[in-house]
Amino acid sequence: MVKQWKVKIPQLSGDMERLVYVYLPDDYAVSGIRYPVLYMFDGHNVFFDDHATYGKSWGMAEYLDAQKKELILVAVECNHLGNQRLVEYAPADFEFPQIGMINGRGREYMDWMVSTLKPYIDAHFPTRHQREYTALAGSSMGGLMALYGVCEYNAVFSKAACISPSFWMSKDKVLQMVEQAHIATDSTIYMGYGAVELPNHAPSSEALISVARLLLTRRVNVALKIIPGGTHNESSWEKQIPLFMDYLQL
């Protein structure tokens, strides 16, 4: 089942409301089980086609139901106004020719997730709240945020799935983020990129290999997958669900 309610993030978007989606096993209230938790970005694209930006979701609920996964999945809708999705999902300031300067507020977003959202979820649902049972996942800018979250908030998140991560934001800043992170060697990171989209995202593809190499030097558990025929959309990302779920052992 997927529960939904509206929340505000005052420090980022004032009184604007956005949806929180929470997937729960059907028997969660009576099973006596405490569940690991996966937090995902762009929550409107995670479960329902009629909520998704381009009419196709990841189909996560169907996958979790079919696999009988004992997991809670929390996904928050992005800010759709103007370039605010880029602002909230950018861990650092960057400039993009077609857009101009983006003043990244990714740290404020992650602070809200860690200090407000996660405590609420842990208080109201039977979670295994410890770091080793808490993961992040996202695609595109959400994939970048998943990497940022597991690097900078490693005391909270031990695993991340970074799908088609937007390393084009700034290869140097992404590498600096990974290099300076206090990330434990038991951390597990999956990175996946579509073979078809790679030529169209040259800065990201160059950074992808550099980030994977740097994570390996940090002795982090890392998988880098190039998906044959993979493109930059939810239909393609959906096909990676079994890959990253198995690798993260969720």
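This is a predicted model: local features need pLDDT of at least 70, side-chain atom pairs count only at pLDDT 80 or more; totals for chains, interfaces and linings use all residues.

User: Which residues gather in a patch of negative charge on the surface?

Analyst: Asp and Glu count as negative. In this structure, the patch consists of Asp-26, Asp-27, Asp-49, Asp-50, Glu-62, Asp-65 and Glu-70. One of these, Glu-62, lies in helix α2, which spans residues 60-67.

User: Is Glu-62 buried or exposed?

Analyst: A residue is called exposed when its relative accessible area is over 50%. Glu-62 is exposed because its relative accessibility is 51%.

User: Is Glu-88 buried or exposed?

Analyst: Buried means under 20% relative accessible area. Glu-88 has a relative accessibility of 1% and is therefore buried. This residue belongs to helix α3, residues 84-88.

User: With which residues is Glu-88 in contact, leaving aside its neighbours within four places in sequence?

Analyst: Apart from those neighbours, Glu-88 contacts Leu-12, Ser-13, Arg-18, Asn-79, Arg-105, Gly-106, Tyr-109 and Met-145.

User: Turning to the backbone, what is the phi of Asp-42, and where is Asp-42 found?

Analyst: Asp-42 is not a glycine, yet its phi is positive, at about 50°. The residue sits in the loop that links β3 (37-40) to α2. Asp-42 counts as buried because its relative accessible area is 5%.

User: What is the phi of Ser-140, and is Ser-140 buried or exposed?

Analyst: Ser-140, likewise a residue other than glycine, has a positive phi near 60°. Its place is the loop between β7 (134-139) and α5 (141-152). With a relative accessible area of 12%, Ser-140 is buried.

Notes:
Residues are numbered from 1 along each chain as its sequence is written. Side-chain values use heavy atoms; hydrogens and water are left out. Patches are made of residues with over 30% relative accessible area and no salt bridge: like charges are joined within 9 Å, nonpolar side chains (Val, Leu, Ile, Met, Phe, Trp, Tyr) within 5 Å. Accessible areas come from the Shrake-Rupley method with a 1.4 Å probe; for residues, only the protein chains shown count as cover. A salt bridge is a side-chain nitrogen of Lys or Arg within 4 Å of a carboxyl oxygen of Asp or Glu. The place of a charge is taken as NZ of Lys, CZ of Arg, CG of Asp or CD of Glu. Helices (H or I, at least four residues) and strands (E, at least two) are DSSP runs, numbered from the N terminus. Buried means under 20% relative accessible area, exposed over 50%, partly exposed in between (1.4 Å probe, protein chains only). Contact means heavy atoms within 4.5 Å.
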